[in-house]
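Have a go at each one before reading its solution.

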Amino acid sequence: MASPSTRGAAIDLKSVSKHYGSFIALDKVSLRIEPGEFMTLLGPSGSGKTTTLNVIAGFTEVSSGSLDVGGKSVIGVPAHKRNIGVVFQHYALFPHMTVSRNVAYPLTLRGIANPDRAARVRKALDMVRMADFGHRFPSELSGGQQQRVALARAIVFDPPLLLMDEPLGALDKKLREWLQLEIKRIHRELGTTFVYVTHDQEEALVLSDRIAVFNQGRIEQIGTGRQLYDEPETLFVGKFVGDSTILRGAASTSGNETAIDVAGWKVAAAKRLADGAKPVMLLRPEKLSLARRGKGGQDRNTLPGRIGEAIYLGSGSKYEVVLADTSKAIVRSTLEAETFAIGDEVDLVFAGSDVKLLADDENADFTLT
Amino acid sequence: MATRAIDSRDTVPAVTADGRRRWFRGQAFWLVAPALLLLVICLGLPLAIVTLRSFSEPQWGWQNYAWFFGTPVNLTVLQRTFAISAWVTLVCLIAGYPYAYVMTAVGPRMRLVLILCVLVPFWVSGVVRTLAWVILLQDSGVINSAIRAVGLSPVKLIRTQTGVVIGMAQVLLPFMILPLYSVMKTIDLRLMQAARSLGASPARAFAQVYLPLSLPGVYAGAIIVFILALGFYITPALLGGPRSTMLSTLIQNQVLSLLNWGRGGAMGVVLLIATFVLLALAAPLSRQPHKTGSRR
């Protein structure tokens, strides 16, 4: 196989839209994926991430916009002429062919004969650690094994681009975590461009070079996992990636400072939004700390609350704190910190500099399925 | 089939399997008893009597079989019976395969309409349907009027083998469509998408993925249609002429007109054995090693 730097294809979506009647599945999506990059399309169901994948694969034609793969437009090119590997959530192995014949199928279609074909099948099965299963039928394999065979089949013809549509969605957690590492290793070894669709933000953080967060047919933000977690640009991204606490209330700005009144308790941060936007505060769990009521200190923002749920995680504890306006705050504390029990009256303490000030957005709610 | 056995060993512990077998020997026999009794009385017994009389009338011996194979017209009709049945099977397959496929591809409401279209002929008596074909196919019938209207010379359809095949195929089509549909609806259409992503054109994806997976339905439908066609009586009798007589008509002639139960019985036994031989030959074809798909 060729050296990693030459193997991956760049993908360039420019203002791609897809309409189904009056329903807008994709709304002017623009996304550039670098050669060899591991890009994850992350979002809730119906957000447009799978539609984007289907557009790249050629299963769905765009309504408008342009799509280049490897520098060439593929608009109007049928799926079977795009030379793109696809791994499906439901494996989609051919049940009437053995594992070897499944993996050999794309090579047979390309007129590659034995012994070259057999050697490449063996190599691909080796890569997914399924070399001993060549003579088996898919029905004789577990879900994880089937998905590894499907992966071998999608990479055996050396496509410059591999698309994966929630490939681990049907597997249990332990197997999923192990296969995530396997996929990462294969990406490193191949150097192929990977585009990975998932609704699982943890999976996205584990795997990706960059993540594109989808919501309602649009991309909300593109960035590394750290960028999305530390610097979310929209309320949706802040809520979807990682745990977060949202503080809402009547806002007032004076100079460069924004204050929010949470049921009579004022909290402030030295930041401000553009005029016209209604500000809300977003805080990550590790930026919040807890103190017994009245011992929170005066120099920082303090909100009274009551412990609603206390979860021991081994490496620390996670608390759900019910605030005065009945909203919930999520706090993560280390092992050394003071512990609290359900029902304890506490002060929620945080520094204004840790606050992410974002524009409120009623479309920021999502459901996971 | 081999893997099926392994699967069931894996999922069903041996003790349970034993228990089931014991239960089957004890209780379940009574559940199948009524059907079994009906089969023995209404099929087994008459068949035994017919077979017996084919050897015993007018006297004991092989005379009826010697007559059957010694009379050229009988062999011609036997061969024609198989040929017509094969044609009917082919016509049903060609008409039924795309129909069954469309049934799997459309929405639930349209599917209901399509299923009704298949089943409605079942609710109309076979004689009525065949008489309708007489009206359509006859020399001055709808089809020939239409052909004449566009300026072509009329075609002889009624009392020909073509007419018999058309009529029988129409009657037997549901027996092809239903098994095809029941197999096709289990085929995961996402496999076709997978094949396309791997580089298969739609035609190759169909030939190499869809068609092989649909073959169990093809075999099941073909066998049912073929066997039913072998014994067809009313349709060939009404739509056919002397040159398209099928074996059932000859049997009817022997038994009801000539009252020769020996010869009629011998013909029936020959048809039965020929059918069994054909089934035995077709059996290895229908053996699909791996029917279970990745569909969940």
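Before we start, domain bounds here come from an automatic or database domain assignment. Also keep in mind that this is a predicted model.

**Exercise 1.** Find how far apart the centres of domain 1 and domain 2 of chain A are, and work out what makes up their contact.

*Solution.* Start with the bounds: in chain A, domain 1 covers 4–239 and domain 2 covers 243–364. Next, take the centres over C-alpha atoms, which gives a separation of 38 Å. Now the contact: domain 1 of chain A puts in eight residues and domain 2 of chain A ten. On the domain 1 side, helix α9 (residues 235–240) of chain A gives the most, with four residues. Sort that side by class and you get three nonpolar, four polar and one charged.

**Exercise 2.** Work out which strands stand at the edges of the open four-stranded sheet in chain A.

*Solution.* Write down the order first: β2-β1-β4-β5, with antiparallel pairing. β2 (23–33) and β5 (72–73) of chain A each have a single partner strand, so one side of each lacks a neighbour in the sheet, and these are the edges. Then zoom in on β5(A): two bridges join it to β4 (residues 64–69) of chain A. There, A:D68 sits opposite A:S73.

**Exercise 3.** Decide whether α10(B) and α13(B) run roughly parallel or antiparallel.

*Solution.* Helix α10 (residues 202–230) and helix α13 (residues 261–282) of chain B pack at about 170°, their axes 11 Å apart. Angles over 145 degrees count as roughly antiparallel, so α10(B) is roughly antiparallel to α13(B). Contact residues include B:Y219 and B:I223 of α10(B), and B:L271 and B:T275 of α13(B). By class, the contact has seven nonpolar residues, one polar and no charged ones.

Terms used
Residues are numbered from 1 along each chain as its sequence is written. Chains are lettered from A and ligands numbered from 1 in the order in which they are written. This is a predicted model: local features need pLDDT of at least 70, side-chain atom pairs count only at pLDDT 80 or more; totals for chains, interfaces and linings use all residues. Two strands pair if DSSP finds at least two bridges between them. Axes are lines fitted to C-alpha atoms, for helices over the stretch in contact, and angles run from 0 to 180 degrees between N-to-C directions. Angles under 35 degrees count as roughly parallel, over 145 as roughly antiparallel, 65 to 115 as roughly perpendicular and the rest as oblique. Two residues are in contact if their C-beta atoms, placed from the backbone, lie within 7 Å. Ala, Val, Leu, Ile, Met, Phe, Trp, Tyr, Cys and Pro count as nonpolar, Asp, Glu, Lys and Arg as charged, and the others, Gly among them, as polar.
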